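Let's take a quick tour of how two protein chains meet and what sits inside and around them. Have the structure open while you read.

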2 protein chains.
Amino acid sequence: MAIRNHKNVDKIPEPTLRRLPWYLSNAKLMKEKGEKYISSTQISRQINIDASQIAKDLSFVNISGRTRVGYETEHLVQVLEDFLGFTNMHRAYLFGVGSLGGALLSDSGLSHFGLEIVGAFDVNPDLVGKTINGIPVYHSDEFEERIKQDQVNIGVLTVPISIAQMITEKMVDGGIKAIWNFTPFRIRVPENIVVQNTSLYAHLAVMFNRLNEAIKK
Amino acid sequence: MAIRNHKNVDKIPEPTLRRLPWYLSNAKLMKEKGEKYISSTQISRQINIDASQIAKDLSFVNISGRTRVGYETEHLVQVLEDFLGFTNMHRAYLFGVGSLGGALLSDSGLSHFGLEIVGAFDVNPDLVGKTINGIPVYHSDEFEERIKQDQVNIGVLTVPISIAQMITEKMVDGGIKAIWNFTPFRIRVPENIVVQNTSLYAHLAVMFNRLNEAIKK
């Protein structure tokens, strides 16, 4: 099983989970700069979040700082990477090798953060049988057989919206437990299935709107 | 100026802005299926959001439905695409042609949602002077000169965290008004600059954590 058991993570709130990577990147930067210790006050000054909030968020992570000195930088990086699940590989399939799907396959950066895409599925005959960035593209019909061999429980969804729900159901029936949904479609899943929505287009919409407001001022 | 003036958008809340693309993708799907009308009740059933919430969200958009029948599907698609800024092109530069940056340049899908990346900047001599998916890669030193000619006010940030803040400042000094930040680094900007954070890694962290919880149950 590719998933390790984290301690004390049962009730960690999503806003905390979203902030922890900020602290991690800041700690990484301090480590690069050769800083041996880093305090929540220092992080606070650099990323403009209350030091008390940072200390509270870090209390979910199994690390203790020293008064006046703070956390050991290298240790904090390690503990955070570990806690966030970036240090052990989570095997995933990608569904839909279109423009965005192909782009994600080409992004080797994901593997540095614990996501290893081990196969992709599509029906396009120009793609099936090829590899992209070393990742094999299979015909969608092969999914049910493949997943029995490969130890995969994450699916990355980058199909057209018209088949997003259908493919979701296929994934869940095959044994996928978590879906990273890049489509702008809101998929329906059984209660025990994890869905992470990352709609680049929704983010674009927010950015365009805010930019438009800013320009009008 | 590439930015159009939307009406009545001054105070549209971010959660509404994030939900509107869901309604849009649903309406698109209904349009593909040949449905002439679509009601908030129908959308509600399909994406599991309260019909009253949908009606409220759509009230920000300049469209009126007919009692019992709902909205004209094609018109709703048009009005939403327009409102969300997907129908007119927003010119952008991308900074940092690494793995993720290169992947985003290859993703032609963004242009269907109103973002046209017209140039990229990097210092890597293997990349400078090349084009990726038709988009020229310039040396970072050329930015200040380029932006005077190109009409660009959006910057996509995909540089390493160690230079994220430095490049941000360079962008802002050059005249960039909105930054789409894909780095896990929390950048600091002047008040009038729009920042849209899209950290794939933060989303991964949330998904890994939730998956881990779900498996333990």
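This is a predicted model: local features need pLDDT of at least 70, side-chain atom pairs count only at pLDDT 80 or more; totals for chains, interfaces and linings use all residues.

**Where the chains meet**

Polar contacts are another story: 18 residue pairs between chain A and chain B make them, with both residues at pLDDT 80 or more.

**The side of chain A that touches chain B**

- Elements giving two or more residues to this side include the helices α1 (14-32), α2 (40-47), α5 (99-106) and α7 (161-174) of chain A.
- The strands β8 (178-181) and β9 (194-197) of chain A are on that list too, along with helix α8 (200-216).
- The top contributor is α8(A), with 17 residues.
- By residue type, this side splits into 38 nonpolar, 22 polar and 14 charged residues.

**How much gets buried**

- The contact draws on 74 residues from chain A and 73 residues from chain B.
- Between them, the two chains bury about 6,900 Å², and 67% of that is on carbon and sulfur atoms.
- On the chain A side, R186(A), H203(A) and F208(A) lose the most area to chain B, together making up 11% of what that side buries.

**The nonpolar core**

- In general, nonpolar side chains of soluble globular proteins tend to be buried together.
- Here, the largest nonpolar core has 106 residues.
- The members that touch the most other members are Y23(A), L115(A), L204(A), Y23(B), L115(B) and L204(B).
- Zoom in on Y23(B) and, leaving out residues up to four places away in sequence, you'll find it touching I43(B), I47(B), I49(B), Q53(B), I54(B), D57(B), L58(B) and L80(B).

**Salt bridges elsewhere**

- Over all chains, the whole structure has twelve salt bridges.
- One of them pairs R18(A) with E14(A), whose closest N and O atoms are 2.8 Å apart.
- These two sit about one helical turn apart because they are four residues apart in helix α1 of chain A.
- Both are partly exposed: R18(A) has a relative accessibility of 30%, and E14(A) has 31%.
- R146(A) bridges to E142(A), with the closest N and O atoms 3.8 Å apart.
- In chain B, R146(B) forms a salt bridge with E142(B), again with the closest N and O atoms 3.8 Å apart.

**A closer look at R146(B)**

- You'll find R146(B) in helix α6 (residues 143-149) of chain B.
- R146(B) counts as partly exposed because its relative accessibility is 23%.
- Apart from neighbours within four places in sequence, R146(B) contacts Y93(B), F121(B) and Y138(B).

Note on methods: Residues are numbered from 1 along each chain as its sequence is written. Chains are lettered from A and ligands numbered from 1 in the order in which they are written. Side-chain values use heavy atoms; hydrogens and water are left out. A nonpolar core is a set of buried Ala, Val, Leu, Ile, Met, Phe, Trp, Tyr and Cys residues joined through side-chain atoms within 4.5 Å. Buried means under 20% relative accessible area, exposed over 50%, partly exposed in between (1.4 Å probe, protein chains only). Contact means heavy atoms within 4.5 Å. Buried area is the accessible area (1.4 Å probe) that two parts lose on being put together, summed over both. A polar contact is a pair of N or O atoms within 3.5 Å; within protein, one must be able to donate a hydrogen and the other to accept it, and residues adjacent in sequence count only if both atoms are side-chain atoms. Ala, Val, Leu, Ile, Met, Phe, Trp, Tyr, Cys and Pro count as nonpolar, Asp, Glu, Lys and Arg as charged, and the others, Gly among them, as polar. A salt bridge is a side-chain nitrogen of Lys or Arg within 4 Å of a carboxyl oxygen of Asp or Glu.
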